[in-house]
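Visitor: I would like to go through this model with you. Could you put it up for us?
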Amino acid sequence: MIKTKTIQIAQEVVDDIICNICEKSLLSACDNYEGLSTKFCGGYGSKIGDMTTLDVSICEQCLLDHIIPMMKISPYVIDNEDEELQ
Ligand SMILES: [Zn+2]
């Protein structure tokens, strides 16, 4: 016979994602996170520090206002609304 009991397990979940530039949430009115979240991992001798990881999130508005204008090559744009589901 197997006896069971109910236990609570603490789990870390995403509560919000905040833009590193403007400190606003990336959460949209549709409950989607819209923006860019990425990690930069530096190896040995990296300019950001040996074996250092930077965790960065940028909202859509800051992407449009600050990041894209700095780009020498414009980002490739994919319009997903034109794609049909198969
Ligand atoms: Zn922002």
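Visitor: What pLDDT does the chain average?
Guide: The chain averages a pLDDT of 91, and 94% of the residues score at least 70; pLDDT is the predictor's confidence in each residue, from 0 to 100. This is a predicted model, in which local features need pLDDT of at least 70, side-chain atom pairs count only at pLDDT 80 or more, and totals for chains, interfaces and linings use all residues. Residues are numbered from 1 along each chain as its sequence is written.

Visitor: And how many helices and strands does the chain have?
Guide: There are one helix and two strands in the chain, and their pattern along the sequence is β-β-α. The radius of gyration is 20 Å, well over the 12 Å that the globule rule gives for 86 residues, so the chain is more spread out than a compact globule. That radius is taken over C-alpha atoms, and the globule rule is 2.2 Å times the number of residues to the power 0.38. Helices (H or I, at least four residues) and strands (E, at least two) are DSSP runs, numbered from the N terminus.

Visitor: What does the C-alpha trace span along its principal axes?
Guide: The span is about 70 × 45 × 30 Å.

Visitor: Which element has the lowest mean pLDDT?
Guide: Strand S1 (residues 35-41) has the lowest, at 93, while S2 has the highest, at 96.

Visitor: Let us turn to Ser57. Where is Ser57 placed?
Guide: Ser57 belongs to strand S2, which covers residues 53-59.

Visitor: Why does Ser57 count as partly exposed?
Guide: Ser57 counts as partly exposed because it has 18 C-beta neighbours inside 10 Å. A residue is buried if 20 or more other C-beta atoms lie within 10 Å of its own, exposed if 12 or fewer, and partly exposed in between, with C-beta atoms placed from the backbone.

Visitor: Which residues is Ser57 in contact with, leaving aside neighbours within four places in sequence?
Guide: Among them are Ile17, Cys19, Leu26 and Leu36; a contact means that the C-beta atoms, placed from the backbone, lie within 7 Å. Ser57 and Ile17 are 40 residues apart in sequence, and their C-alpha atoms are 7.1 Å apart in space.

Visitor: A change of topic: what is phi of Asp31?
Guide: Phi of Asp31 is near 65°, a positive value in a residue other than glycine. Asp31 lies in the segment before S1 and counts as exposed, with 6 C-beta neighbours inside 10 Å.

Visitor: And what is phi of Met51?
Guide: Phi of Met51 is near 55°, again positive in a residue other than glycine. Met51 sits in the loop between S1 and S2.

Notes
Two residues are in contact if their C-beta atoms, placed from the backbone, lie within 7 Å.
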